[in-house]
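Biologist: I would like to learn how to read a pocket and a sheet in a model, so please take me through them slowly.

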Amino acid sequence: AFIISDFKSVSKMTKSGVKVSVYAVPDKINQADYALDAAVTLLEFYEDYFNIPYPLPKQDLAAIPDFQSGAMENWGLTTYRESSLLYDKEKSSASSKLGITMIVSHELAHQWFGNLVTMEWWNDLWLNEGFAKFMEFVSVTVTHPELKVEDYFFGKCFNAMEVDALNSSHPVSTPVENPAQIREMFDDVSYEKGACILNMLRDYLSADTFKRGIVQYLQKYSYKNTKNEDLWNSMMHICPTDGTQTMDGFCSRSQHSSSTSHWRQEVVDVKTMMNTWTLQKGFPLITITVSGRNVHMKQEHYMKGSERFPETGYLWHVPLTFITSKSDSVQRFLLKTKTDVLILPEAVQWIKFNVGMNGYYIVHYADDGWASLSGLLKEAHTTISSNDRASLINNAFQLVSIEKLSIEKALDLTLYLKNETEIMPIFQALNELIPMYKLMEKRDMIEVETQFKDFLLKLLKDLIDKQTWTDEGSVSERMLRSQLLLLACVRNYQPCVQRAERYFREWKSSNGNMSIPIDVTLAVFAVGAQNTEGWDFLYSKYQSSLSSTEKSQIEFSLCTSKDPEKLQWLLDQSFKGEIIKTQEFPHILTLIGRNPVGYPLAWKFLRENWNKLVQKFELGSSSIAHMVMGTTDQFSTRARLEEVKGFFSSLKENGSQLRCVQQTIETIEENIRWMDKNFDKIRLWLQKEKPELL
């Protein structure tokens, strides 16, 4: 990378004498300090963790005013969007601090994974991206413990599963030839799934063994190119330091170990195990049937769509973990076959698999397994961790999609949220429930849609009422506050709306100089943007703002307008890329694609400007994928499906073959099936008395 600019810079030295500098436009150089400190700390962490010095004399981090991707790891000169690097103490949000820390740690991890050791060809892109994504969590957990990033990790796995459950998914390591196919590899499967299976492997081998394996890999292949198997081979020759001997390159151990380390008794064949996760697409559904002390386990390929449970014959080596009503110490079992049985020391009331969601698989509890877990959540939800609660919410709704669990049971499970206070279960529930009414918004279902929105508000009302309109608390408390207040205001919850209106009036009459608590700004702006005068004022502030957080908050609120003319104008302006930068366009298109008034405009804009969009953003790029999914993947009628199919097939080699097109078509087909199956049940369920919500 070469940069010629009038940027200003600030610099610091690391302990080992590397000069670290952050470059930005002169107006914003005062926002560079946070990233500079983070970069120094993280670079020192990696030198120590990998036990390999950073080989260059300097590391520059540059904030680029209009930049298509989030950031780029050029060796010694990493480049970023301004929003991914610049932190304004007065205005930046808690989630922005978290985001900047993660992105800087991602690009710096690439200085080892990707730059020092590079994959041989793009089919193994995940060796770069999955690793850098995974290392964000390993590093930031240590360098910035107050951010508690380990709590957010499994959210990445659910994102990956969303696309990995479709027939159009691909193995983590998959052959690619032309530039568009290579660009398509930069997706959730390479990044998120890659990171999740590495996390699962680390949990399985132990953090220490895993670390020694990757250090060996980096040292052995420095300044060289690698394939998938080189990584597994490096992992194979590491044995835990507890009396294990190496035999033929495998670790084996004498038979006296306890059941908790069940899988260490066997030879740990990392390569065979990990090939099942990197060379096959998708992931397993584990069905658990408990009878007395016997736990029967069965695995099958989880897939949405009409081809449910395709006989792909895929088997995975699944490192199962579980806790029970009798023991909260984690038990382990490596499932390598289609079915197996394990025997518990005594009968239990409930059993929860995939502890902490460290494994990349979902679990179905047969017979009354779900009933006992649902009961546990109602009676004493804190018995299991917040990550375990979030994974139950996710898995329940995944099972509804393949008709293993009824929608009524999944909705009943969510009623416990009346007593939930932690961010991840709440966010997971919103990720499951909001898309349901988003499907209804795009159809004439106003009555049930309204009842469903009321139900969601009732469910969270107590927690919403508890939120203070301040910036107090931990990062997760602040992110939760921001989202809950936004939800309450957008859903027209009067106590929220009235307070936001008051704030907005005062902010506007101070000409935008009054400071609003950062965590409530999103809600305040979203309410303010609902009338013309407020919308115009926000747009004028957008033009002069120097804060990335403030700009993104304004951008979001402008896109919530119910005025089609305003929305059309936003599409045209951001597409021009003068006042609103081109980098913002995919996000604005998607926001308008999610707007109940705006979605027809967004879909029309995509179709009418397809050729120009492809010139700007390139076929196969993740920007194009976001725009395709963002304008179409909430349709749920045959007519819309035909419209989408017709448009994309007419593009021939200019887009019809894209994976995102297959993904959106499959998603719409799934939405149609899902609504046909569940809409009436939801309607009836909403009419039932729910004593929990009174």
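Biologist: What volume does the second largest pocket have?

Modeller: Rolling a probe the size of a water molecule over the atoms shows where empty space is left. The second largest pocket here has a volume of about 400 Å³, where a pocket is an open set of points on a 1 Å grid over the protein atoms alone, at which a 1.4 Å probe fits, with protein on both sides within 12 Å along at least five of seven lines, and a volume is the space filled by probe spheres set on the points, which are joined across faces, edges and corners. This is a predicted model, in which local features need pLDDT of at least 70, side-chain atom pairs count only at pLDDT 80 or more, and totals for chains, interfaces and linings use all residues. Residues are numbered from 1 along each chain as its sequence is written, and side-chain values use heavy atoms, with hydrogens and water left out.

Biologist: In what order do the strands of the open sheet lie?

Modeller: Strands of a sheet pair through backbone hydrogen bonds, either parallel or antiparallel. Here 5 strands (DSSP runs of E, at least two residues) lie in the order E1-E2-E3-E5-E4, with mixed pairing, and two strands pair if DSSP finds at least two bridges between them. Strands E1 (8-13) and E4 (71-72) stand at the edges, each with a single partner strand, so one side of each is left without a neighbour in the sheet. E4 is joined to E5 (residues 77-81) by 2 bridges, and these strands run antiparallel.

Definitions and conventions
Helix = DSSP H or I, 4+ residues; strand = E, 2+ residues; numbered from the N terminus. 1 Å grid on protein atoms, 1.4 Å probe; cavity = no way out; pocket = protein on both sides within 12 Å on 5 of 7 lines; lining within 4 Å.
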